[in-house]
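Me: I would like to go through the labels given to this model and see what each one rests on. Please set the values against the cut-offs.

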Amino acid sequence: MKVELRDKINKEKMLRELSKDHRSVFEKKLQKELHRKSTGPRRLLMIAASVLMLFSLGYLVTNQQKVPVQQSEATVSKVSLEEFSPELKKIENYYLTAISFEMANLKVTDENKVVLDGYFEKMKILTKEYQTEIEKLQIDKIDEQLINNLIDNLQMRLQLMIDLKNELKKLKTQQNEEHTI
C-alpha cells in the first residue's frame, strides 16, 4: 500500500509540472484574447448603452441639484402627530373621519350649490391652515399651542360641516314651504 501511494504522488507531481514553454503559450493566448476586435453590432450596442448611461446620469444629477437643501433638511426633522402622541393621532383620525362622513352625506343640487361653494371655500382655507401648522410640527419644537391650534382647526372644520348640514336643512324646508304655498 505504501508503494501505491508513492507512485500516485509521483504521478501527480509529473502532471503538476508544466512544460517549459507553458508561459510563452499562455502569453500568446492572452495577447490573442486581449487584442481580439469586437464585432460591429455588439460594439455599437456597447457605445449606445454607454451614451445612454451618461445622459441618464447627467439628468439625475441636474434634477437632484434643483431640490433645495433646506427642504430636504426640513423633511428629516418633521414629525407626525402619531410619532409624538398616539392619542393625538386618534383625535385627528376621529375628526377627519367625522368630516369625511359629513361630506359624504351632502347632496349637491342646483339650489344648494351656491351655499356649498361658500362653505367649501372656507373648508379649503382651514385645510390649508392645518397643513401649514402640520409643517411647523417638528421633533425639537413640539409646542402645546401648536397642538391646540391643530385640534381647534379640526374642530372648526367639523363645526363648519355641521353648520353646512343645518343650513342645507333650512334651505330644503324653505323650498318645501314655497312648494306647498
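Me: What share of the contacts in the protein join residues at least 24 apart in sequence?
Reply: The model is predicted. Among contacts between residues at least 6 apart in sequence, 79% join residues at least 24 apart.

Me: Which secondary structure elements does the protein have?
Reply: There are eight helices and zero strands, so the order from the N terminus reads α-α-α-α-α-α-α-α.

Me: How much of the protein counts as buried, and how much area is exposed?
Reply: Of the 181 residues, 17% count as buried. The protein exposes about 15600 Å², with 58% of that supplied by carbon and sulfur atoms.

Me: Why is Ile99 called buried?
Reply: The relative accessible area of Ile99 is 4%. Buried means under 20%, so Ile99 is classed as buried. Ile99 lies in helix α6 and touches Met123, Leu154, Arg157, Leu158 and Met161, leaving aside residues up to four places away in sequence.

Me: How far apart are Ile99 and Met161 in sequence and in space?
Reply: They are 62 residues apart in sequence, and their C-alpha atoms are 6.7 Å apart.

Me: Which residues of the largest nonpolar core touch the most other members?
Reply: The core has 16 residues, and Leu106, Met161 and Leu164 touch the most other members. Helices α6 (86-104), α7 (113-136) and α8 (144-180) each supply at least two residues of this core. The largest share, seven residues, comes from α8.

Me: What does Leu164 touch, not counting residues up to four places away in sequence?
Reply: Its partners are Leu106, Val115, Leu116, Tyr119 and Phe120. A second, separate core has five residues, among them Leu88, Leu137, Leu146 and Ile147.

Me: How do you know that the span of α7 is close to the expected one?
Reply: The helix has 24 residues and reaches 35 Å from its first C-alpha to its last. At 1.5 Å a residue, 34 Å is expected, so the span is called close to that value.

Me: Which residues of α7 are buried?
Reply: Leu116, Tyr119, Met123, Leu126, Tyr130 and Glu133 are buried. An α-helix has 3.6 residues a turn, so residues three or four places apart point the same way.

Me: What makes Asp117 and Lys113 a salt bridge?
Reply: The closest N and O atoms are 4.0 Å apart. The rule asks for a side-chain nitrogen of Lys or Arg within 4 Å of a carboxyl oxygen of Asp or Glu, so the pair is counted as a salt bridge. By this rule the count comes to one salt bridge. Both residues lie in helix α7, four residues apart, about one turn of the helix.

Me: Why are Asp117 and Lys113 called partly exposed?
Reply: Relative accessibility is 41% for Asp117 and 43% for Lys113.

Me: What makes Val51 part of a nonpolar surface patch?
Reply: A patch residue needs over 30% relative accessible area and no salt bridge. Val51, in helix α3 (residues 40-66), has 37% and is partly exposed, so the area condition is met. Leu44, Ile47, Val51 and Phe55 make the patch, which is about 420 Å².

Note on methods. Residues are numbered from 1 along each chain as its sequence is written. This is a predicted model: local features need pLDDT of at least 70, side-chain atom pairs count only at pLDDT 80 or more; totals for chains, interfaces and linings use all residues. Side-chain values use heavy atoms; hydrogens and water are left out. Patches are made of residues with over 30% relative accessible area and no salt bridge: like charges are joined within 9 Å, nonpolar side chains (Val, Leu, Ile, Met, Phe, Trp, Tyr) within 5 Å. Accessible areas come from the Shrake-Rupley method with a 1.4 Å probe; for residues, only the protein chains shown count as cover. Buried means under 20% relative accessible area, exposed over 50%, partly exposed in between (1.4 Å probe, protein chains only). A nonpolar core is a set of buried Ala, Val, Leu, Ile, Met, Phe, Trp, Tyr and Cys residues joined through side-chain atoms within 4.5 Å. Contact means heavy atoms within 4.5 Å.
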